[in-house]
Amino acid sequence: MRDKAFNSPDSIALITHALSQLDALLPVQMPQQPPADRTPLPENLARAGYRQDRINDHELNLALASLPYLQAGQTLCTLGQQTINRSAIYRCALKFDFSPLPISQLQWLMAEQPILSQLQTDLPPTVRQQLLADTSDEASLASGLWAVLLDKLGQEQDGLHCEALLDLAPEQAEQWLMQAGSQPVAHEDTQLQARLQWQALLDKVGTDFTLGGLLLALSGIDMLTSVNPQLNRICAYGMATKIAAWPMPFSDQVGLYAAWRATLPYDANLFLHELPGWQQVLLEMPDDPLATLAYQLTELGIAPSRWPGYLHCLALELPAIHTDQVTGPDLADYLAIRLTLDRLWLNQACRDLWKVEANLNTLHAYFNKNLSEFMVRQHLYQGSLPEYLTHKAEALIIRSGSERSNREDWQQLADLIQTWQISPIAQCQMTHSKGNSVWRLFRLCQHLGLTPSLVDGLAREDLLALLAVLDGFDDPARNAVWQAAYQHHYSKVSG
Amino acid sequence: MDALVLLIPFLPLCAALIIGVAASSGLLDEKASAHLNADIAIGATGLSCLMALALSVGDWLGKTSGYFSVGQWLGSDTLDIRINFISSGFPVWLAAVFALLLWLVGWQASHDPQRGAGGQRFFFILCLFAAAIQTLVLSANMIGTLAGWQISGWCAYLLVGYAYGTPAATGNACRVFIAQQIGTIGLLIGISLCYIWLDNVNWARLALATEDLGIGQATGVSLCFTWAAFALSAQLPFTPWLARAMPTAMPASPVIMSHAGIYLLWQLHPVFEQSPFARAVLGIVGVLTALYCSIIGLTQTDYKNGLAYATAGQLGLMFLEAALGWWQIMAGHCCLHVLLRCLQCLRADDKAQRTAAPQIPAPPIPSVIAGIGNRYWAFTSSLQGFWLEPIIDWALVNPVRKMAQDLCYFDSQIIDRLMGSPEPAIRTLATFAQHDETFSETNYSGTPNGFALGNGLAGKLAQWAATLMHGFEDRFVTRGLGSGSIHWLRKMGYAANRFELVIIRPRYLVLFVGITFLVAF
């Protein structure tokens, strides 16, 4: 009955159509092999080229001028006789790194390294001389600049440790809540936010990643480490390079998938790895790879409208895939094998973690009821939590595993995470934190040769304008400038 | 002449120290000193190779006495451990082959343009590995051999886990390391037995005193060292570690290491002569490994994996030769085989060679296998390596891992609570949600009962009915029993379930049985 359903013409047509689209998409969308002419030069290599004098300031200026949308000549502010325009900031951003620092790293640097008692070590000698023209006291220059920037951006001098959040005074909490404005703080609001995030993550299944990707995001378990060795072993038999003496029985007659399916009942791995329900999966697997794809996708709870996207994501994850070797029906074989292995291993992971089967609808139902667990897991495996919360989350996952068995602890931890996110210590919500705006302006001002007294003469809006230019000059924009500069360089050399 | 033997491990050790100290102290910039590191490593391994070859020639001409002692390292009562080396015979020849191969590895690595930034680390490990493996082979006492084994094991761990950013590399490194450590247990017990029964840990003394050992004692000592040799030479059931170690920064290193197991057999050969049972074990395991590797090799689609199984299979044949008492053939086989396999590894690593080389056609399937070539069970067994690793995982690794989880749970839930943990000094608030509940007007108790919500007539009726039932439950059931009773009963239920789950696990039953036996006896 089920076999017939998966062999229905509609399902097969849908799968066939999705696979035919993959043939067209794979050659241009393979992340492993981007076309050579589109590959951006890594920024560290581009900067190394500048340090080795392969690229000079003149070529950078030419490149900036050749990209009119950057408005390199626009003046941002005037300080006495000194004018700061966009190109000065662009040049700094091209040559030096102005990434924000996590607050914990900044605190560590302030405690362990003399970043506030000396000028930045990567300053060019001319800029250093310019800064030290009036005074020889580096320490007062650096600490003065830091103090001015803190004052301008309304930040406090004293740093607060992350773990202070575990023991908040009511006054402090009220002050921060006022700063947070309309941020949700009540437990129910947190749950509502988590529900929206869960829905957003769920929507990405079949467009951005597979169910394995969802598992990775929520448990840190990379299923590919289990599936890929087996897939490699099997797929190597279908590749052009056959170096094994013993061919897979009948694979040249019935195809790779059918031959593999016939070997599956003899594979003790399914038993030894204690994969749940493997007997049932074997019994229900259709003989045809296209029908198997339809069957497995249905069993995983993927809606038919998402099948093409899901198969696309899956194809991109195939190990060592070469588009000239994997086309048409062969691709169906590989995907059918991969999807079957996926389901077997996903079932095991989902059973161990949440006592549910690997099915999108089941997971949806589970996490709708356990949103605190979702919130904790999502933030933990994104790696965005501070150490004290990471430790608590890991301990809770080891101890409880699921929110079902210890709901209060999970809810408490979810609230702690929400509190961390809203607090001024977390840089992600606060644009003008020390690790972000203050630190970046601190470096930028030094590279622009601005002394504390000059910066003191600037309005807060002027500083924010400098920062906005720095933010707007993002990776793609910088890559474009480097590429143009290298083109100028090589046209000059060849000319 | 004998003193040359000291330089064979000492020169690479000095090179490792120079590279290591320079790297850790920041004296040399990694990129700027890439060539210097390579030159130091190649120079040290090259000189070590020259010393080994000179010593071999000296041995061939009969110019060596066979033994060189630097002095005593540790002495206590009858225990006398010296820093001493063997300067003649098979160990010297094997050391010369190893030294030549390690120099070739270093030379090839120095010409690899992609070695780049990781060069410092690579050449440090290469030199340390060279020093360790030469110590293992040339040491005249078992403690030196053990030290060489341990350091080379660590080097193998670092080399296999060279690309430590990938989970596969770290996983492989752990498995290789654990396999080596299991072998170390056998070696340690063997050394202890030698000391207990012979009051000595020198290889030469062991060879001379075999007649002092009874057949049982000889068998005990032999089996302990056999256990170590099985682990080191990737014999069953340790075979998979060699294939796991091949995707390393230096594929020749596991091949070299695996041949050191043959050296152990050679040192023990007078004892093996006393123990037919140990030789039978050697022969059976050797034959089984050779068969196992031959069958698995037929389904390998990766060149390096194929090399690994071919190496383990040939090592199995060497064990068979040992069992038959063909010690000289075994020694020659070992030297020639390690040379061949390492050159194949170097060729596999040479990217230019690999891309230029024509496709090697698959060898024909052996006639023995041809009869069952189309049997799915036979093919699957070969493809999956007879499930050796999954079986070990299932029988040993998984229970240990689960027990570790249980202990972790016990630690956090029982021990930590008993010991106590610091609480915040004031503990006013930990979350904004608490603040919201405590200080805001819209706290939980103030909100309307959100137990059920409905729209329309039917919905409102259902909502009222649900609210009524909830009120009834709240007033007459929950409050009647006490506000915390249901919560505690639920907790007790979970605890009981957990206890039941734990108690029915086989490992705890085995543990209880073990404890019972311990108490009884």
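I will start with contact: two residues are in contact if their C-beta atoms, placed from the backbone, lie within 7 Å. Helices (H or I, at least four residues) and strands (E, at least two) are DSSP runs, numbered from the N terminus.

This is a predicted model, where local features need pLDDT of at least 70, side-chain atom pairs count only at pLDDT 80 or more, and totals for chains, interfaces and linings use all residues. Residues are numbered from 1 along each chain as its sequence is written, and chains are lettered from A and ligands numbered from 1 in the order in which they are written.

Chain B has 22 helices and 2 strands. Of its 521 residues, 39% are buried, meaning 20 or more other C-beta atoms, placed from the backbone, lie within 10 Å of the residue's own.

Now helix H17 of chain B, residues 376-383. Its buried residues are B:Phe379, B:Thr380, B:Ser381, B:Ser382 and B:Leu383. What do the buried residues of H17(B) pack against? They pack against helix H12 (224-235) and helix H14 (256-263) of chain A, together with helix H12 (276-297) of chain B. Just after H17(B) comes B:Gly385, with a positive phi of about 60 degrees.

Next, the domains. An automatic or database assignment gives chain B domain 1 (1-140) and domain 2 (141-351). In contact are 26 residues of domain 1 and 35 residues of domain 2. On the domain 1 side, strand E2 (79-86), helix H3 (90-110) and helix H4 (119-138) of chain B each give two or more residues.

How values were computed:
Buried ≥ 20, exposed ≤ 12 C-beta atoms within 10 Å, placed from the backbone.
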